[in-house]
Amino acid sequence: MTVISIPAGSLFGVDNLPYGVFSTADTGRRVGVRVGGSVVDLSKALSDPAAALFAHPTLNAFMAQGRDRWVEVRAQVTELVSGEIADEAVFAIDDVTMHMPIAVADYVDFYASENHATNLGKLFRPDSAALFPNWKHLPVGYHGRSSTVVVSGTDIVRPCGQRKAPTDGAPTFGPSVRLDIEAEIGFIVGVGSPMGSSITPDQFAEHCFGAVVLNDWSARDIQAWEYVPLGPNLGKSFATSISPWVVPLQALEAARIDTPVQDPTPLPYLRGEEKWGLEIDLAVEWNGDYVSRPPYRQMYWSPAQMLAHITVNGAAASTGDLIGSGTVSGPEKDQRGAFIELTWNGTEPVTVAGEQRTFLEDGDEISISATAPGPSGGRIGFGEVRARVLPAAGETRQAKSNRPGVQRRRHGRA
Ligand SMILES: O=C(O)/C=C/C(=O)CC(=O)CC(=O)O
Ligand SMILES: [Ca+2]
Ligand SMILES: [Mg+2]
């Protein structure tokens, strides 16, 4: 039998207990919980009926059971990890492979940071007001592509597409030369709602299972040319990365705060009594250097308002729906969650591992992590979403060296 020792100050103490899907050299995918530096196989460590729910390659079966069950199982897991566990159910984190934690149903990405929306408005539409008139009346979002949501560790191939700078006479096709990140939090729907019904902001905790860190990779050149008037499409659909550990909503109780004052007052369907602003701190690492620390606490729209908004027309919600918060950007320059903002459209390079950088180069590695206050005074961690950028598919070395904006080859960390 094993007793798990949790190092003091661990971001994965008993207050957190995030769920993830893992495999080992010997066994297939199943659900585990992270405690300190260990992963506990819940399909082996618990007894039935709970154990059977975790002998699955995704969290969807468990998530679909609903909040009473989530609360009950969390209590069982809390007790489990405080006692002796069968040796064959405990693994060192370095000995397991993490996989996509959920089967993603629909994916919708919002635009909830006033700082980010204002900055992007200035950069994409310098001749208009930074915020469109709708922005403070509804959480603006776009439908993303659920089949290209990938787990941390999956390499990202530079996308190709059409792009046309305002000064170009005609569009050209080729690898994006303005590949960017967006640091976000993703909220996962556990229990959906049937078509024809809707979810109120105060019903959020009945439906939302938990949260992950999310990177909404964005090809700014493709996006800027294609997005009028229907919004982002191929500039973002090539990949979205999420962290492997799903932090249960219950673990975020101590992080709950009011959203900033919403003026004008939103329409009644977007109002609730419950606080769903969240005090989560993100950190963006570029080739090993921290370049930004976006604060979630300033996000204008809450995830509860986002879920209410996407169902208010009677659209169904499903187990496994993923809701991106939108890029998290604070008011300070070093709190901006996308490089287009951080480098002001490439005009103000940042120093990354000793080099002046604007957008992503092949071989670059990005990690976005997040932490939040835990229920008993410490902090809890989301872990990280990490990925490396690979050259565009089929791109030859010759064509690549001719590509605008490419001065040198990179080999990951300096
Ligand atoms: O303002 C625009 O035209 C574009 C905005 C974005 O690309 C941001 C987006 O994906 C939403 C977000 O992450 O906040
Ligand atoms: Ca986004
Ligand atoms: Mg994306």
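Ala, Val, Leu, Ile, Met, Phe, Trp, Tyr, Cys and Pro count here as nonpolar, Asp, Glu, Lys and Arg as charged, and the others, Gly among them, as polar. With that sorting, the shell around ligand 1 comes out as five nonpolar, four polar and four charged residues. The structure is a predicted model, in which local features need pLDDT of at least 70 and side-chain atom pairs count only at pLDDT 80 or more, while totals for chains, interfaces and linings use all residues. Residues are numbered from 1 along each chain as its sequence is written, with chains lettered from A and ligands numbered from 1 in the order in which they are written.

Staying with the ligand, 13 residues surround ligand 1, and the closest are Tyr 111, Leu 120, Glu 182, Gly 326 and Thr 327; a residue is near a molecule if its C-beta atom, placed from the backbone, lies within 6 Å of it. Helix H5 (residues 114–124) gives the most to this shell, with three residues. Helices (H or I, at least four residues) and strands (E, at least two) are DSSP runs, numbered from the N terminus.

As for the overall layout, the protein is assigned domain 1 (2–99) and domain 2 (107–401), with bounds from an automatic or database domain assignment. The domain centres, taken over C-alpha atoms, are 28 Å apart. Across the boundary, 22 residues of domain 1 are in contact with 23 residues of domain 2, contact meaning C-beta atoms, placed from the backbone, within 7 Å. On the domain 1 side, helix H4 gives the most, with four residues. That side has eleven nonpolar, seven polar and four charged residues.

Then there is the largest nonpolar core, with 104 residues, where Val 40, Ile 185, Ile 188, Val 213 and Leu 307 have the most contacts. Such a core is a set of buried Ala, Val, Leu, Ile, Met, Phe, Trp, Tyr and Cys residues joined through C-beta atoms within 7 Å; buried means that 20 or more other C-beta atoms lie within 10 Å of a residue's own, against 12 or fewer for exposed, with partly exposed in between, and C-beta atoms are placed from the backbone. Strand S16 (residues 208–215) gives the most to this core, with six residues. Leaving aside neighbours within four places in sequence, Val 213 is in contact with residues including Ile 185, Ile 242, Phe 382 and Val 385.

Notes. Contact = placed C-beta atoms within 7 Å.
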